[in-house]
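I opened my notebook today to look up how one protein chain is put together.

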Amino acid sequence: MPILAYFLIEALAFWGVSQLIGVGWAFFGIFALMLLGALAASPALRSELERAQAGKGSVGQFAGGTALVAAGWALAIIPGYVSSLTGLLLLVRPTRELVRKSMAKSLQKRVEDFGVQVYDVSPMKRHGASYGTFGDGEGVIDAEPDPSDEDIENWSQNARPEDFGDPKK
């Protein structure tokens, strides 16, 4: 299905450009964009390599930048206005940096969500903290009503400050 959407978008873009400048010039424009993309990829890759050699940025930034240059080059040499223009945009450093940062945030969120899903199905979630037992269980207030619960309820409703002793002592 996505391939059909791609062909439809490219066909509509070609039709629109051919309506503006003519079919012959539209074909020429596609090949000019492909040539421009092929030529622009080399300086973009060289720029990424120079940044890495100068120690600017991390290894992850270098890997992401070179991967986006490769993707930009591949998109730029595919015939079509939309793919070629998208590829050319990826070969420009500011656009590439924006795409890399947004992809990094998206990937970070996916990794975090995956971690939560793994934890939810793992045995680790079933282990709760144990704080031991408190005595032999006598005097512990349970959810079940107990005759002594009524005494506690009556006392708490009729509590007076004197029941707690003199605060000044």
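What follows are my entries, in the order I made them.

**Ground rules**

I noted that this is a predicted model, in which local features need pLDDT of at least 70 and side-chain atom pairs count only at pLDDT 80 or more, while totals for chains, interfaces and linings use all residues. Residues are numbered from 1 along each chain as its sequence is written, and side-chain values use heavy atoms, with hydrogens and water left out.

**Overview**

I looked up the elements and found six helices and zero strands; helices are DSSP runs of H or I with at least four residues, strands are E runs of at least two, and numbering starts at the N terminus. From the N terminus on, the order reads α-α-α-α-α-α.

I then checked burial: 20% of the 169 residues count as buried (under 20% relative accessible area, with exposed over 50% and partly exposed in between, for a 1.4 Å probe and protein chains only). For contacts (heavy atoms within 4.5 Å), I took those between residues at least 6 apart in sequence, and 58% of them join residues at least 24 apart.

**Helix α3**

I turned to α3, residues 59-77, which has 19 residues and reaches 27 Å from its first C-alpha to its last, close to the expected 27 Å (1.5 Å times one less than the number of residues). Its buried residues are Gly 64, Gly 65, Thr 66, Leu 68, Val 69, Gly 72 and Ala 76. I found them packed against α2 (23-53), α4 (81-90) and α5 (93-121).

**α2 with α3**

Two packed helices are described by the angle between their axes and the distance between the axes. For α2 and α3 I read axes within 8 Å, crossing at roughly 170° (axes are lines fitted to C-alpha atoms, for helices over the stretch in contact, and angles run from 0 to 180 degrees between N-to-C directions). α2 is therefore roughly antiparallel to α3 (over 145 degrees; under 35 is roughly parallel, 65 to 115 roughly perpendicular and the rest oblique). The contact includes Leu 33, Ala 41 and Leu 49 of α2 and Phe 62, Val 69 and Trp 73 of α3. By class, I noted 13 nonpolar, four polar and one charged residues (Ala, Val, Leu, Ile, Met, Phe, Trp, Tyr, Cys and Pro are nonpolar, Asp, Glu, Lys and Arg charged, and the others, Gly among them, polar).

**α1 with α4**

Helix α1 (residues 2-21) packs on α4 at about 95°, with the axes 7 Å apart. That makes the two roughly perpendicular. I listed Tyr 6, Ile 9, Glu 10, Ala 13, Phe 14 and Val 17 in α1, meeting Tyr 81, Val 82 and Ser 83 in α4. This contact has seven nonpolar, one polar and one charged residues.

**α2 with α5**

Here the axes come within 11 Å and cross at roughly 65°, so α2 and α5 are roughly perpendicular to each other. I found Ala 44, Ser 47, Glu 48 and Arg 51 of α2 in contact with Arg 93, Arg 96 and Glu 97 of α5.

**Inside α5**

Which residues of α5 are buried? I wrote down Arg 96, Glu 97 and Arg 100, and their cover includes α2, α3 and α4.

I ended on Glu 97, whose relative accessible area is 17%. Leaving aside neighbours within four places in sequence, Glu 97 is in contact with Glu 48 and Arg 51.
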